Amino acid sequence: MSNGAETRIRRSRQKILTAAEVVFLTAGFLGASMDQVAEQASVSKQTVYAHFKSKQALFIEVVVSMTGGAAQTLQDELGAPLDHRPVQDFLLDAAIEQLDVVLTPRLMQLRRMVIGEVERFPELGKALFENGPQKAINRLALACAHYTDIGQLNTPDPAEAAGFFNWIVMGAPTSAAMLLGDRGIPDQKARHRHAAESVRIFLCAYGASAQVRR
């Protein structure tokens, strides 16, 4: 296959994904159809099926694209986690960026949609978790191990500590945004205040001088 043909295929696939995001967020998973996606993308239904074998497969790709894009934005904003910033600065930056990137109307709408379908289509929930919270926790675990190695944290189990930090930061704001809609999304000042308090709580438990009980 020539480079030109590969480029056309990639562009066609991305065009369909962009259209599908609009259709799914507007109509919901059950209300959306491949015909609507084809119309939104200005392609034939056969072209949609040539890229994605089913509506479920297409929706999973939309989930991966949206949550993966958020994860990439976090990585671009923060850079490599194993740098020389003091741990408090790294954690505060990580918390603020995660809140700013994740707590958006479109990602909260996606999360609500996935939760509504998770019993019938568990693969949707798995895709959202693996490309959203799990990626954030994995990245934080690397940072926890790094800062433990250099004596700024005390995390016998970095992955466990990373999970606690992730949900201290994301738990309450995400729940509010999920249940209250857009009005439940905290403003920037509230997000930054919550991020700072989350870091303080985490360092009380896992700071270098903390005694972590197992």
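Of the 214 residues in the chain, 43% are buried. This is a predicted model, and its chain has ten helices and zero strands. Here is a friendly tour of the points to keep in mind as you look at it.

**Confidence**
- The chain has a mean pLDDT of 89, with 88% of its residues at 70 or more.
- Helix H10 (residues 188-206) has the highest confidence in the chain, at a mean of 97, while helix H4 (residues 55-78) has the lowest, at 74.
- Where pLDDT is low, the predicted coordinates should not be read in detail.

**Overall fold**
- Along the sequence, the pattern reads α-α-α-α-α-α-α-α-α-α.
- Among contacts with a separation of 6 or more, 72% join residues 24 or more positions apart.

**Helix H2**
- Met34, Val37, Ala38 and Ala41 are the buried residues to look for in helix H2 (residues 34-41).
- Viewed down the axis of H2, these buried residues fall within an arc of 100°, so they line one face of the helix.
- An α-helix has 3.6 residues a turn, so residues three or four places apart point the same way.
- Serine 42 follows H2 and has a positive phi, near 60°.

**Helices H5 and H8**
- Helix H5 (residues 87-102) and helix H8 (residues 133-149) have axes that come within 11 Å and cross at roughly 175°.
- Because angles over 145 degrees count as roughly antiparallel, H5 is roughly antiparallel to H8.
- H5 contributes Val87, Phe90, Ala94 and Gln98 to the contact, and H8 contributes Ala136, Arg139, Leu140, Ala143 and Tyr147.
- By type, the residues of this H5 and H8 contact are seven nonpolar, one polar and one charged.

How values were computed
Residues are numbered from 1 along each chain as its sequence is written. This is a predicted model: local features need pLDDT of at least 70, side-chain atom pairs count only at pLDDT 80 or more; totals for chains, interfaces and linings use all residues. Side-chain values use heavy atoms; hydrogens and water are left out. Axes are lines fitted to C-alpha atoms, for helices over the stretch in contact, and angles run from 0 to 180 degrees between N-to-C directions. Helices (H or I, at least four residues) and strands (E, at least two) are DSSP runs, numbered from the N terminus. Angles under 35 degrees count as roughly parallel, over 145 as roughly antiparallel, 65 to 115 as roughly perpendicular and the rest as oblique. Contact means heavy atoms within 4.5 Å. Ala, Val, Leu, Ile, Met, Phe, Trp, Tyr, Cys and Pro count as nonpolar, Asp, Glu, Lys and Arg as charged, and the others, Gly among them, as polar. pLDDT is the predictor's confidence in each residue, from 0 to 100. Buried means under 20% relative accessible area, exposed over 50%, partly exposed in between (1.4 Å probe, protein chains only). The arc is that of the directions from the helix axis to the C-beta atoms.
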